[in-house]
Amino acid sequence: MLSKNQAAASLLLAAGGAQASLLYVASYSGYVSTLNLTDDGSGAKTLEAVAESDGCSTAPSWLTLDKEKAVLYCLDEGFGTWPNGSFVSLQTNDDGSLTLLDKEVTINGPVSAVPFGESGIAVAH
């Protein structure tokens, strides 16, 4: 049985040729980093940091990508900014950089979010 990582790598290889994917990673350092995962088609993979954004505040807890709209939504739990967290939208750019679109204050502690309906976002606290 393949591990999740092996299965993901197999999917990349099955597509054939060189492949690249942008991955978005949040951490309690307060940054959202964009990583470029490449596969040269022969099985060699590289992971390189290509951009970093501090637009999500100090405690990003969840990222949701709306690929169709090229928007990355980030929830900040609000640690260090008590009593508020935040909900941030970032434009994803072709070079991996992120551009702040909007930042709204939430009550403290949002932990996950998903698109809801045509234009909504459901947030769990």
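Okay, let's start with a definition: a disulfide is a pair of cysteine sulfur atoms within 2.5 Å. Keep that in mind, and remember that what you see here is a predicted model.

So, how many disulfides does the structure hold? There is 1. The disulfide joins C56 to C74, with 1.7 Å from S to S, and that sits inside the cut-off of 2.5 Å. With -90° about the S-S bond, the link of C56 and C74 is left-handed. Now look at where the two ends sit. C56 is in the loop between β3 (45-53) and β4, while C74 is in strand β5, so the link ties together parts that are 18 residues apart in sequence. Buried or exposed, these two? C56 and C74 are both buried.

Next, follow C74 into its sheet. C74 in β5 is the bridge partner of L63. Strand β5, residues 71-76, runs antiparallel to β4, and 6 bridges join them. Zoom out, and you get an open sheet of 4 strands, in the order β4-β5-β6-β7, with antiparallel pairing. At the edges are β4 (60-66) and β7 (98-107), each of which pairs on one side only. On average, neighbouring strands of this sheet are turned by 20° against each other, direction ignored.

Last stop, the largest pocket. It has about 200 Å³ of space. Its lining includes S21, L22, Y24, L65 and K67. Which strand gives the largest share of that lining? That's β1, residues 19-26, with 3 residues. By type, the lining residues are 4 nonpolar, 3 polar and 2 charged.

Technical notes:
Residues are numbered from 1 along each chain as its sequence is written. This is a predicted model: local features need pLDDT of at least 70, side-chain atom pairs count only at pLDDT 80 or more; totals for chains, interfaces and linings use all residues. Side-chain values use heavy atoms; hydrogens and water are left out. Two strands pair if DSSP finds at least two bridges between them. Helices (H or I, at least four residues) and strands (E, at least two) are DSSP runs, numbered from the N terminus. Axes are lines fitted to C-alpha atoms, for helices over the stretch in contact, and angles run from 0 to 180 degrees between N-to-C directions. On a 1 Å grid over the protein atoms alone, a cavity is a set of points where a 1.4 Å probe fits but cannot get out, and a pocket is an open set with protein on both sides within 12 Å along at least five of seven lines; lining residues have an atom within 4 Å of a point. Grid points are joined across faces, edges and corners, and a volume is the space filled by probe spheres set on the points. Ala, Val, Leu, Ile, Met, Phe, Trp, Tyr, Cys and Pro count as nonpolar, Asp, Glu, Lys and Arg as charged, and the others, Gly among them, as polar. Buried means under 20% relative accessible area, exposed over 50%, partly exposed in between (1.4 Å probe, protein chains only).
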